[in-house]
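Please look at the model shown below, beginning with the ligand and the residues around it.

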Amino acid sequence: MTETTRTYDVIVIGGGPVGENVAERARSAGLSAVIVERELLGGECSFWACDPSKALLRPVVARADASRIPGLDPAVAGPLDVEAVLAHRDRMSSYWKDEDQVDWLNSVSVDLVRGHGRLTGPKQVVVQTPEGDDIALTARHAVAVSTGSRAALPPIPGLDTVRPWTSREATSADKVPGRLAVVGGGVVAVEMATAWQALGSQVTMLVREHGLLERMEPFAGALVTDGLREAGVDIRFDTTVTALAREDGEVRITLADGGRLAADEVLLATGRAPQTRDVGLETLGLTPGDWLTVDDTFRVTGVDGGWLYAVGDVNGRALMTHQGKYQARIAGAVIGARAKGEPVDDAPWGTHAATADHAAVPQVVFTTPEVASVGLTSREAERSGRRIEVVDYDLAQVAGAHQYGADYRGRARMLVDTERNIVVGVTFAGPGVGELVHSATIAVAGEVPLDRLWHAVPAFPTLGEVWLRLLETHRG
Ligand SMILES: Cc1cc2nc3c(=O)[nH]c(=O)nc-3n(C[C@H](O)[C@H](O)[C@H](O)COP(=O)(O)OP(=O)(O)OC[C@H]3O[C@@H](n4cnc5c(N)ncnc54)[C@H](O)[C@@H]3O)c2cc1C
């Protein structure tokens with residue numbers, strides 16, 4: 001075992017999309033930076049989450065859209081070409097190789113150390129390489145933990161014996177299971193149920209709650225439920241799994257009501273947990289396994305000296321790549337400013353404060369129909385005690401929706417803060433709404449007064465005309 005020591009201005013533990021961006025932004029601020037990565041540079045998003053899942057879903061969503069268009073419907077009536085879809089997914093996952101991302105990292109002059117990184121004390125990290133060597137790293141200014149999240153598995157008796165699918169297997173499997181049971185009703189569950197049902201599995205969803213996508217507006221979950229059921233998915237609400245076993249090659253599932261179910265594979269899509277169990281947090285008095293709590297500049301609270309940052313999924317603020325990369329842009333810049341003794345602008349909406357994490361996090365669920373949202377839901381608005389007007393509109397009444405086919409179903413909701421006369425939340429559900437979300441994000445993050453939004457004219461005939469209809473409804 002050899003021990004070498006290297007010093008950098010900034011050490012980033014975890015080379016997912018977020019860690020890559022923290023390092024690149026620190027580098028553009030004139031600091032030296034190194035990334036420690038134990039698996040593939042690019043992280044969960046590139047290889048087992050966003051990219052492969054959207055590659056599986058794109059053909060499904062495109063086919064659903066095409067099947068509503070007169071003249072096109074017969075051409076897409078048959079089953080998907082499974083081999084071609086999986087090959088597309090493999091290509092979009094770069095065949096689980098990270099050479100391209102390593103080339104990019106070299107091009108921005110950030111170093112890479114492969115291995116498992118652990119904090120050993122203030123500004124100290126030791127990397128255990130795959131060869132068994134230890135490399136000691138010292139940071140002059142900051143260490144950023146960007147170790148991401150992993151699937152959180154519930155303590156179901158028999159879990160160890162069934163080799164369940166997590167989001168990793170659900171996005172990288174190369175065989176279509178005849179019967180797939182999906183436990184959970186959140187985003188990963190609905191997206192993967194959509195994909196595998198379309199690829200030929202008989203999917204059964206076992207959902208503990210009373211609806212899907214419970215964190216979003218209820219109409220979104222209801223429309224996605226209809227879409228999944230029409231595609232042939234068996235959805236069972238208020239259903240808790242109490243035991244799992246693999247017998248004779250199949251998974252046997254016992255339910256709380258005494259019911260039983262057999263499947264070829266079971267996907268546990270039951271939430272995420274931070275990857276902080278083995279990062280050396282205990283050496284700083286923090287608790288391994290916890291989410292890392294941060295301020296709006298991503299400094300971990302309770303760590304003396306303000307040198308430890310936590311960026312991306314690991315801080316639990318918004319578990320999405322685009323929002324993590326936003327955090328990374330801010331963290332890299334503020335680390336640079338602090339290192340150079342420059343002023344830090346951490347007032348709300350300032351250059352160095354991730355205010356959008358609280359007010360304007362966009363999300364798209366790539367199901368049939370799609371869901372797109374940003375900002376508050378009506379439930380959250382109610383809890384916040386603000387004076388809110390809820391404005392609903394039937395998306396099927398928008399001229400642009402007619403171009404999507406006669407049986408378009410969808411709904412839009414806009415939440416207006418009536419004291420400030422601005423939009424604080426928007427949810428769309430319906431075919432094609434994913435591409436609408438950025439208009440809503442601009443309205444919410446920009447706090448655009450409704451009187452000015454009235455002058456933002458949507459093009460005819462697009463789905464964007466829903467903005468005009470929402471504003472007209474609001475004006476009464
Ligand atoms: C199925 C699925 C689909 C998703 N789809 C989308 C989507 O469409 N759009 C979207 O915006 N988000 C999506 N997400 C969320 C997105 O994947 C995450 O928000 C994103 O990957 C978080 O990036 P990150 O860099 O914080 O963490 P990660 O991508 O998890 O990367 C963390 C990295 O740290 C490394 N690491 C961990 N511990 C150590 C250690 N001790 N030493 C060295 N390296 C370490 C890991 O190997 C990993 O490479 C999806 C998630 C799932 C599960």
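A polar side-chain atom of Glu-37 lies 2.7 Å from an oxygen atom of the ligand, a polar contact in the sense of a pair of N or O atoms within 3.5 Å. The ligand taken alone exposes 1,000 Å², of which the protein buries 93%, with areas from the Shrake-Rupley method and a 1.4 Å probe. This is a predicted model, in which local features need pLDDT of at least 70 and side-chain atom pairs count only at pLDDT 80 or more, while totals for chains, interfaces and linings use all residues. Residues are numbered from 1 along each chain as its sequence is written, and side-chain values use heavy atoms, with hydrogens and water left out.

The ligand has 34 residues around it, and Glu-37, Lys-54, Gly-117, Asp-313 and Thr-321 come nearest; a residue counts as near if one of its heavy atoms lies within 4 Å. By class, this shell holds 11 nonpolar, 16 polar and 7 charged residues, where Ala, Val, Leu, Ile, Met, Phe, Trp, Tyr, Cys and Pro count as nonpolar, Asp, Glu, Lys and Arg as charged, and the others, Gly among them, as polar. At least two shell residues come from each of α1 (17–28), β2 (33–37), α2 (43–48), α3 (50–66), β4 (116–121) and α10 (321–339), these being DSSP runs numbered from the N terminus, with helices (H or I) of at least four residues and strands (E) of at least two.

The largest nonpolar core has 83 residues, and those with the most contacts inside it are Leu-119, Leu-137, Val-143, Leu-308, Val-311, Phe-428 and Val-466. Such a core is a set of buried Ala, Val, Leu, Ile, Met, Phe, Trp, Tyr and Cys residues joined through side-chain atoms within 4.5 Å, where buried means under 20% relative accessible area, exposed over 50%, and partly exposed in between (1.4 Å probe, protein chains only). Its largest share, 7 residues, comes from strand β6 (residues 134–145). Apart from this core lies another, of 37 residues, among them Ala-173, Ala-198, Ile-235 and Leu-267. Leaving aside neighbours within four places in sequence, Val-143 is in contact (heavy atoms within 4.5 Å) with residues including Ile-11, Leu-119, Trp-307 and Leu-308.

Which polar side chains deserve a look next? His-352, in the loop between α10 and α11 (356–359), is buried because its relative accessible area is 9%; beyond four places in sequence, the residues it touches include Asp-296, Ile-330, Val-334 and Asp-345. Gln-197, in helix α8 (residues 187–199), also counts as buried, at 12% relative accessibility, and touches Gln-202, Val-203, Ala-231, Gly-232 and Val-233, with residues up to four places away not counted.

Most residues other than glycine have a negative phi, and most peptide bonds are trans. Here the bond from Thr-368 to Pro-369 is cis, with omega near 10°, and Pro-369 lies in the loop between β17 (363–365) and β18 (370–375). A cis peptide bond also joins Phe-460 and Pro-461, with omega about -10°. Tyr-95, not a glycine, has a positive phi of about 55° and lies in the loop between α4 (82–92) and α5 (99–107).

Key: Polar contact = N/O pair within 3.5 Å; in protein donor to acceptor, adjacent residues only side chain to side chain.
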